[in-house]
Amino acid sequence: QVQLVESGGGFVQPGGSLRLSCAASGFTLDYFAVGWFRQAPGKERERLSCISSSDSSTIYADSVKGRFTISRDNAEHTVYLQMDSLKQEDTAAYYCATAYGDTCDYEYEYWGQGTQVTVSS
């Protein structure tokens, strides 16, 4: 059964850091672009970042550019989202998703169940 699992969420003070992980079962992430998204209550889902599998090129939303870093470790079959300088407005449920292909131009096919990130003093 195909499944994506996010981990690493939690509670952090403003200015702090968290690293989210995205792992798959039933298939390997290595051949697909992977995106990170978030959704806060009452807001639309937002794509934060994506990393391709072809050349590990990355894209970022303006809201997180310079603070978040996406990376992938094919040896561990995991994609990470390093989140630094966290702000209260980063509070949301965070999801990873795999694209239908190897670049970030594709639509997203499989989604994880999400991990909550809460930034508060």
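**Entry 1**

I started with Trp111, which is partly exposed at a relative accessible area of 30%. The model I am browsing is a predicted one, so what I note here describes that prediction.

Next I asked which ring forms an aromatic pair with Trp111. My search of the whole structure returned five aromatic pairs, and in one of them Phe37 is the partner of Trp111. The centres are 4.6 Å apart and the planes make an angle of 50 degrees, which makes the pair tilted. Phe37 sits in strand β4 (residues 34–39) and Trp111 in strand β10, so this pair links distant parts of the chain, 74 residues apart.

Is Phe37 buried or exposed? I found it buried, with a relative accessibility of 7%. Trp111, by contrast, is partly exposed.

The charged end of Arg45 sits over the Phe37 ring, 5.7 Å from the ring centre.

**Entry 1: an aromatic cluster**

A pair of aromatic rings is described by how far apart the centres are and by the angle of the planes. For Phe27 and Phe32 I noted 6.0 Å between the centres and 75 degrees between the planes, so this pair is edge-to-face. Phe32 counts as partly exposed, at 24% relative accessibility.

Which residues make up the aromatic cluster here? I wrote down Phe27, Phe32 and Tyr110, which form one cluster.

**Entry 2: the disulfides**

How many disulfides does a search of the whole structure find? I counted two.

One of them joins Cys22 to Cys96, with 2.1 Å from S to S. Cys22 belongs to strand β3 (residues 18–25) and Cys96 to strand β9 (residues 92–99), so the bond ties together parts of the chain that lie 74 residues apart in sequence. The torsion about this S-S bond is about 75 degrees, so I logged the disulfide as right-handed. Cys22 is buried, at 0% relative accessible area. Cys96 is buried too, also at 0%.

Cys50 and Cys104 form a disulfide as well, with their sulfur atoms 2.0 Å apart. Cys50 is in strand β5 (residues 46–51), while Cys104 is in the loop between β9 and β10 (108–111), so this pair ties together parts 54 residues apart in sequence. Here the S-S torsion is about -95 degrees, so the disulfide is left-handed. Cys50 is buried at 0% relative accessibility. Cys104, at 14%, counts as buried as well, because the cut-off for buried is under 20%.

I also jotted down the pattern: with the bonded cysteines of the protein chain numbered in sequence order, the pairing reads 1-3, 2-4.

**Entry 4**

Strands of a sheet pair through backbone hydrogen bonds, in either a parallel or an antiparallel way. In what order do the four strands of this open sheet run? I traced β1-β3-β8-β7, with antiparallel pairing.

The edges are β1 (3–7) and β7 (68–73), each with a single partner strand, so one side of each has no neighbour in the sheet. On average, neighbouring strands of this sheet are turned by 15 degrees against each other, ignoring direction.

Most residues other than glycine have a negative phi. I looked up which residues here have a positive value, and noted His77 and Ser85.

His77 has a phi near 55 degrees. I found His77 in the loop between β7 and β8. At 38% relative accessibility, His77 counts as partly exposed.

Ser85 has a phi near 50 degrees. Ser85 lies in the loop between β8 and β9. Its relative accessibility is 41%, so Ser85 also goes into my notebook as partly exposed.

Terms used. Residues are numbered from 1 along each chain as its sequence is written. This is a predicted model: local features need pLDDT of at least 70, side-chain atom pairs count only at pLDDT 80 or more; totals for chains, interfaces and linings use all residues. Side-chain values use heavy atoms; hydrogens and water are left out. A disulfide is a pair of cysteine sulfur atoms within 2.5 Å. Helices (H or I, at least four residues) and strands (E, at least two) are DSSP runs, numbered from the N terminus. Buried means under 20% relative accessible area, exposed over 50%, partly exposed in between (1.4 Å probe, protein chains only). Two strands pair if DSSP finds at least two bridges between them. Axes are lines fitted to C-alpha atoms, for helices over the stretch in contact, and angles run from 0 to 180 degrees between N-to-C directions. Rings of Phe, Tyr and Trp (its six-membered ring) pair if their centres lie within 6.5 Å; planes under 30 degrees apart count as stacked, over 60 as edge-to-face and the rest as tilted. A charge sits over a ring if NZ of Lys or CZ of Arg is within 6 Å of the ring centre and within 35 degrees of the ring normal.
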